[in-house]
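Trainee: I have a model open and want to learn how to read it. Can we go through it feature by feature?

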Amino acid sequence: MKVTIDGNEIEVNLGETILEAAKRAGVGIPTLCYSEAFGGQGVCRMCMVEVKDGDRKRLVASCTYPITGEIEVQTNTPELREIRSNIITLLYRRAPNSEFMKKLHQEYECTAVEPVDAEEKCIMCRLCIKACEKVGAYAISTIMRGTEKRVATPFDESSPNCIGCSACADICPTGAISVKKENGRQEIWHKSFEMPRCEMCGNYFSTLPVKEHVKEQLDFAVSGENLCPSCRRKKLARDVAEVSKNR
Ligand code: SF4
């Protein structure tokens with residue numbers, strides 16, 4: 001099936017989203033709450049595009065809009081740029097302490113605003129919650145309502161479900177989740193974890209509960225489970241070279 005994106009006809013697969021099709025065609029649509037790992041959430045609305053379906057024109061979130069027919073898409077009209085600029089202005093007002101948001105606010109030449117909380121970094125994109133769900137921990141969620149809404153552990157206390165994997169912090173686009181690594185311990189979400197040492201280089205990596213979690217999830221022994229990711233890659237490369245040499 002063919003659709004038109006910004007005047008160029010491209011081949012698409014039935015059911016894929018406009019965002020996916022545009023990415024494949026090399027058309028950049030800005031996103032904040034989208035991740036290749038989880039797909040679209042339609043939360044931030046940065047990826048809004050204009051869709052013309054027959055005589056009907058409307059604005060949709062490209063990350064969640066599946067292509068089911070021959071449509072014409074515009075990704076960068078003055079109206080869309082204004083929508084994105086307004087979204088960034090609002091998010092910057094909410095999270096002015098994030099370098100990422102400061103940069104976007106400048107890039108889009110948004111209007112100056114009075115911040116709600118000068119220390120805030122979170123834009124409520126929910127990527128951290130998604131990451132935690134994918135890990136299978138379900139340790140964080142949104143609490144409160146309206147402007148008070150935020151991501152937290154239950155009762156703002158250390159969650160027994162959290163394994164300290166830091167997937168939530170790694171995926172956060174605005175650096176809103178604090179992770180402290182010191183003297184072989186990692187602190188995140190009001191909880192402190194012991195970190196194992198790599199058998200090869202001696203560096204600390206991951207956390208003990210993550211090791212246990214991986215063992216529980218997988219039904220087979222993990223090769224190099226006592227190695228940090230970098231040494232595991234080196235060992236794998238050496239093992240492959242050894243096998244090739246002995247063939
Ligand atoms: S560190 Fe804790 S809250 Fe964050 S993704 Fe891992 S388990 Fe979830």
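Trainee: Which residue in β4 does Lys52 stand opposite?

Mentor: First, remember that this is a predicted model. Lys52 stands opposite Lys57 in β4.

Trainee: In what sense do strands β3 and β4 pair, and over how many bridges?

Mentor: They pair in the antiparallel sense, over six bridges. Strand β3 covers residues 48-53, and strand β4 covers residues 56-61.

Trainee: How many residues lie between β3 and β4?

Mentor: Two residues lie between them, and the two strands form a hairpin. Look at Gly54 in the turn: its phi is positive, about 65°.

Trainee: Now the ligand. How many residues surround it, and which are the closest?

Mentor: The ligand is surrounded by 15 residues. The closest are Cys132, Ala137, Cys162, Cys165 and Cys168. Two elements give two or more residues to this shell: α4 (127-135) and α5 (167-171). The largest share, three residues, comes from α4.

Trainee: How does the shell divide into nonpolar, polar and charged residues?

Mentor: Count 13 nonpolar and two polar residues, with no charged ones.

Trainee: Let's step back to the whole chain. Into which domains is it divided?

Mentor: Domain 1 spans 2-76, and domain 2 spans 127-244. Their C-alpha centres lie 33 Å apart. Four residues from domain 1 and five residues from domain 2 make the contact.

Trainee: What classes of residue does domain 1 have on the side that touches domain 2?

Mentor: That side has three nonpolar residues, one polar residue and no charged residues.

Conventions:
Residues numbered from 1 in each chain as written. Predicted model: local features only at pLDDT ≥ 70, side-chain atom pairs only at ≥ 80, totals over all residues. Near = placed C-beta within 6 Å. Helix = DSSP H or I, 4+ residues; strand = E, 2+ residues; numbered from the N terminus. Nonpolar A, V, L, I, M, F, W, Y, C, P; charged D, E, K, R; others polar. Pairing = 2+ DSSP bridges. Domains from an automatic or database assignment. Contact = placed C-beta atoms within 7 Å.
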